[in-house]
Every structure is written in structure tokens, then in C-alpha cells.
Amino acid sequence: MVDPDRLTETFLEMIRRASTELPADVVEALDKGREAERRDSLAEKALVTILDNVDLARQKVAPICQDTGTPVMWIHHPIGVSTRVLEKAMVDAVRQATARQFLRPNAVDTLTGKNTGVGTGRGIPFLHFEEWDSPDIEVRMILKGGGSENVGAQYKLPDNALGAGRDLEGVRRVLLDAVFQAQGKGCSPGTLGVCIGGDRVSGYEESKRQLLRPLPDVNPVPELAELEARVLKEGNELGVGPMGFGGRTTLLGVKVGVLDRLPACYFVTISYLCWAGRRAGVRIGEGGDVTWLS
Amino acid sequence: MAELKIPVDDEAVIRELKVGDFVELTGRMITGRDAAHKWLLEEPREDVAPYMKGTMIYQCGPVVRKNPDGSYVFVAAGPTTSIREEPYEADVICQYGLRGVIGKGGMGQKTLDGLGRCGAVYLHAVGGAAQVLANSVTKVERVFMLEEFGVPEALWVIHVERFPVMVTMDSHGQSLHRVVEAESRRKLEELLGLETL
Ligand code: SF4
């Protein structure tokens, strides 16, 4: 039987890691970007500032960005573990993380405009549960910032203006348009989480789940791996650059998933993750042993 | 370009700044976002005016810690999206004699015109760099409208040292945002083999 207090404690530590420590692969990609930029360009300066900021946050155990976003979490649990117990432990963890300033109070009552003050609210955090055969509990999460959430998009194919039909070439076209439309506003350089297919609900969920993949992860489907590599290259050729200052580093990664669709629908859904691609995870064994994932 | 001391007495110093310059600010400035901008234009705010003349307004909703002795420390202080202040900013600049705005994402034509007319610049801070920017805040001198607006929306008078920003809109009608958008649009059309979107 899982001990709810231990769970809360472990979840709190996972959230602290997410908010204050940027995953190594993201730091590496930002550093590569810095090297690729022209010396003394604004793009280079922006990336230097970002990398300094990441170091400082880790040292000070303080949030990388003041917008600590929405905690979006996928929870796998064994047969017989109550999802209500898990949910309560997670909500408590988010509240404690907010009280300890790892998270900003980020839930606003949409009707009154009043901040709930505790970091949680209706639909916040966003939790997705799945039962599995393993005896372990596994949680994977991202903190999804508001500025980057605002530049997400859902396209409906065909899109005549972009010459985008219902095939992977059409997908490529709308993805490049989305990168162009975002400019620097989602705090570029960012990562595209993409879902081809699905409906208007499942598409966004899958597009966010794609953002759990580490940047070096190669898509097991060869056509999609090719699409990811091509959009990454061409997205960077657009020249938007860090913060929209112009430059070579606009995207850090492109991650594409697929869901089946209705015959009448062909959605391409894009979630944009800002440079502060805060990802974390934990696996809790049957005996309570904890393994940190990234 | 190295350090720029603020407040700036001489308008010529601001007129020299060009799109693409990197600047580090040292001196005194004030924060203000949505509520502050609206309030500043409702009527002349005599008590705040001296803290605005010749300096920059930083569009920022900081996280602030209060010390036991009553003083304040900026804990996280990244820029917020500027375009929301587009209806107000040019008037705030010209009425209060500001020499600049600091934010992210750039602003529109009305602000660009205001920069030219009144001798000011738009400075882009690095979005999300909350720790680096908070670290450059060396002192919180005083705060206006804290009770009424709350911490993020209050007007904080702060001292900064080597606060890093990029000039992306200048007082000569130039905007880096416009240039990057036009160039990336051209590139997109080329990649997609489209005539004109
Ligand atoms: S988009 Fe990301 S980096 Fe930018 S302010 Fe929001 S959370 Fe921070």
C-alpha cells in the first residue's frame, strides 16, 4: 500500500527539479545554438543570458522562469492503486511547491479574475492517468508556460492558403507556418510537440505528451523521423532566432506523434514549448524505492 | 555598446541608440504593467512623475520577498509581453518624459511613433531569464500602489546594475521585429514555393 505522505513528498521533489533544473539535453541544445550564432549578435547574447539564467536557477534552487506554467502530468499506476489517492497527493504537492516558491501561484479564477493563491484550481494541475501491468508508479511531467501556450495552434487540413493537403507534406507546411506565426513570442528557441490526427481534444493532449521525449530521441517511425529532422532544419532556416532577434536557433526540436482520425477530419495540433523546457519524472517501485527520470 | 546610466539627462544619448545594440543599464528605473499604465494616464500622478522622468519603465510582474526589517528583494523578475500596453505606451512615454520601455515581444506602430516623437527606445529583455534579471536588481527604493494593485502590478522603483537588454525599436522608426517578420515570411514563402501569403 502506498503511503500518501511519502507520495506527496516525492512529487514535491519532482516538481522542484522540474522548476529549477533544466534537463541536460535541453541545456546542451541551447549551448549548441549559442555556438552556431554569429559572435556578438543579439541572438548569441540572448542565449548566453539564457544559459547563465539556467545555471543561476540551479545554484539558487529557484524557478528558471517566473512563469512556472501549468503542471501537466502523465501518471502510470498499477492495478489496485487508487487514482484519487494519487490525485490528492499530487494536488498537495503542487500546493506545497507553491508555498515554497518552487511554483508561482498560477491559477486564476476565470470568472472573477482572482488568483486562487495556492497554485491549484479547476483543471490545474492537468493529470492524465493510465493503468499498466508494472507494479511501479511512474510520473512524467512538464511545466508549460503561458507565453508558449499562447502560440500553440491547431490546423485543419486541407489548408488552401498554405497549399497543405492531407499528407505529410501538408503537415510539414502547416508546421513551418506555425513556427513563422510564433516568431519569438513563445520565448524561442522552442520545441514543437505535434499530433497528426485525433480530434480537437486528443490532439492537444498527444501534442503535449510528445514534449516528454528527450531532444535526441529519434522517432521509431521512419517517415516521422524524417519529418521531424526536416522541419527542425527548415524551421531554423526561417531565421526568427532566439527571442525573435533573428539568428540560426529558432527550434531545439520537433516531436511528432500520430492518432487515428475520423474520415472527415485531419487535424494537425501543435504545442510550442519555450526554451525553458522544464521536464521531470519519477518512478516509484513497489517497495517505495525512488528513481528520478528526465 | 557597454553601460548606459539611467536616468538619462541628454536626449542625444538615446537618439544614438540603434536597433541591434546590446546595452547594460545601471541606475534607477520603475516597473509597471497593465494596471499601472491605465492608472498613469487617468490623471497626472505627481508623486510618481519624478521617478519616471528620463528613465525606463520595465514591464514586469516581479516575485518579491519582504524582509523582516520591511525592505524588499526581487526574487524573480522577467519581462512580460509588451503588446498589451500598446494603447497606452506612447502617451505614458511622452507625458512622463520616459526615455524607454523594457519588455518582450516588441510593440506596434503607435509606440514606434511615440519613440520617435519623444526620444525614447524599446528595449527587449530576455524572456524567461527571471534569475539573471532579478540578480541585476540591487535595491528596491520604494513602491507605489502596492495595496491597490498587488505585488505584480504595483510600481516598484528599483536600482539595477548591468541589467542586460537589446534595442529592438529605436527613435528613428526602426523595428527589428518588423524586419525579422518580413525576412522570415520571405523565407517561408520560398520553402513552401508560395507566391505571397
Ligand atoms: S514562454 Fe516560457 S520562458 Fe517565456 S516567460 Fe513563459 S514560461 Fe517563461
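The legends below describe close-up views of a predicted model.

**View 1. The largest nonpolar core draws on chain A and chain B.**
This core holds 57 residues, and those that touch the most other members are Leu30(A), Trp275(A), Leu25(B), Met29(B), Met56(B), Ile102(B) and Phe163(B). Helix α3 of chain A, residues 42-60, contributes the largest share of the core, namely 8 residues. Another core, of 32 residues, lies apart from it and includes Leu176(A), Val240(A), Tyr266(A) and Ile270(A). In soluble globular proteins, nonpolar side chains tend to be buried together.

**View 2. Surroundings of Met56(B).**
With neighbours within four places in sequence left aside, the contacts of Met56(B) include Leu4(B), Ile6(B), Ile14(B), Leu25(B), Met29(B) and Ile30(B). Also in contact with Met56(B) are Leu98(B), Arg99(B), Gly100(B), Val101(B), Ile102(B) and Leu123(B). One of these partners, Ile6(B), is joined to Pro7(B) by a cis peptide bond with omega of about -5°. Pro7(B) itself is placed in the loop between β1 (3-6) and α1 (11-16) of chain B.

**View 3. Helix α1 of chain A and its packing.**
The helix spans residues 4-20 and has 17 residues; the distance from its first C-alpha to its last is 24 Å, close to the 24 Å expected at 1.5 Å a residue. Buried residues of α1(A) include Leu7(A), Phe11(A), Leu12(A), Met14(A), Ile15(A) and Arg16(A). The buried residues of the helix pack against α3, β1, α4 (83-99), β3 (137-144), β8 (278-284) and β9 (290-293) of chain A. Arg16(A) also belongs to a network of salt bridges that links Glu13(A), Arg16(A), Arg17(A), Glu21(A) and Arg58(A).

**View 4. His77(A) in strand β1 of chain A.**
The strand covers residues 70-78. His77(A) has a relative accessible area of 6% and is therefore buried, the limit being under 20%. Beyond residues up to four places away in sequence, His77(A) touches Thr83(A), Leu86(A), Phe129(A), Glu130(A), Glu131(A), Trp132(A) and Asp136(A).

**View 5. Backbone exceptions in chain A.**
Most residues other than glycine have a negative phi, and most peptide bonds are trans. The bond from Ser188(A) to Pro189(A) is cis, with omega near 0°, and Pro189(A) sits in the loop between α6 (168-182) and β5 (190-196). Gln101(A), which is not a glycine, has a positive phi of about 65°; this residue lies in the loop between α4 and β2 (126-132) and is partly exposed, at 40% relative accessible area. Met243(A) likewise has a positive phi, near 60°. Met243(A) occupies the loop between α8 (222-237) and β6 (251-258) and counts as buried at 3% relative accessibility.

**View 6. Salt bridges within chain A.**
Over all chains, 41 salt bridges are found in the whole structure. Glu138(A) and Arg283(A) pair at 2.9 Å, N to O. Glu138(A) belongs to strand β3 and Arg283(A) to strand β8, so this pair ties together parts 145 residues apart in sequence; Glu138(A) is buried at 10% relative accessible area, whereas Arg283(A) is partly exposed at 27%. In a second pair, the closest N and O atoms of Glu149(A) and Lys208(A) are 3.0 Å apart. Helix α5 (residues 146-149) holds Glu149(A) and helix α7 (residues 200-209) holds Lys208(A), so parts 59 residues apart in sequence are tied together. Glu149(A) is partly exposed at 38%, while Lys208(A) is buried at 11%. A further salt bridge joins Glu228(A) and Arg213(A) at 2.9 Å, N to O. Glu228(A) lies in helix α8 and Arg213(A) in the loop between α7 and α8, 15 residues apart; Glu228(A) is buried at 6%, and Arg213(A) is buried at 15%.

**View 7. The interface of chain B and chain A.**
The contact involves 32 residues from chain B and 35 residues from chain A. About 3000 Å² is buried between the chains, and carbon and sulfur atoms give 68% of this area. Gln131(B), Leu191(B) and Leu192(B) supply 21% of the area that chain B buries against chain A, more than any other three residues. The interface has 0 salt bridges and 12 residue pairs in polar contact. On the side of chain B that touches chain A, α5 (130-135), β9 (155-169) and α7 (176-192) of chain B each give two or more residues. The most comes from α7(B), with 9 residues.

Conventions
Residues are numbered from 1 along each chain as its sequence is written. Chains are lettered from A and ligands numbered from 1 in the order in which they are written. This is a predicted model: local features need pLDDT of at least 70, side-chain atom pairs count only at pLDDT 80 or more; totals for chains, interfaces and linings use all residues. Side-chain values use heavy atoms; hydrogens and water are left out. A nonpolar core is a set of buried Ala, Val, Leu, Ile, Met, Phe, Trp, Tyr and Cys residues joined through side-chain atoms within 4.5 Å. Buried means under 20% relative accessible area, exposed over 50%, partly exposed in between (1.4 Å probe, protein chains only). Helices (H or I, at least four residues) and strands (E, at least two) are DSSP runs, numbered from the N terminus. Contact means heavy atoms within 4.5 Å. The expected span of a helix is 1.5 Å times one less than its number of residues. Buried area is the accessible area (1.4 Å probe) that two parts lose on being put together, summed over both. A salt bridge is a side-chain nitrogen of Lys or Arg within 4 Å of a carboxyl oxygen of Asp or Glu. A polar contact is a pair of N or O atoms within 3.5 Å; within protein, one must be able to donate a hydrogen and the other to accept it, and residues adjacent in sequence count only if both atoms are side-chain atoms.
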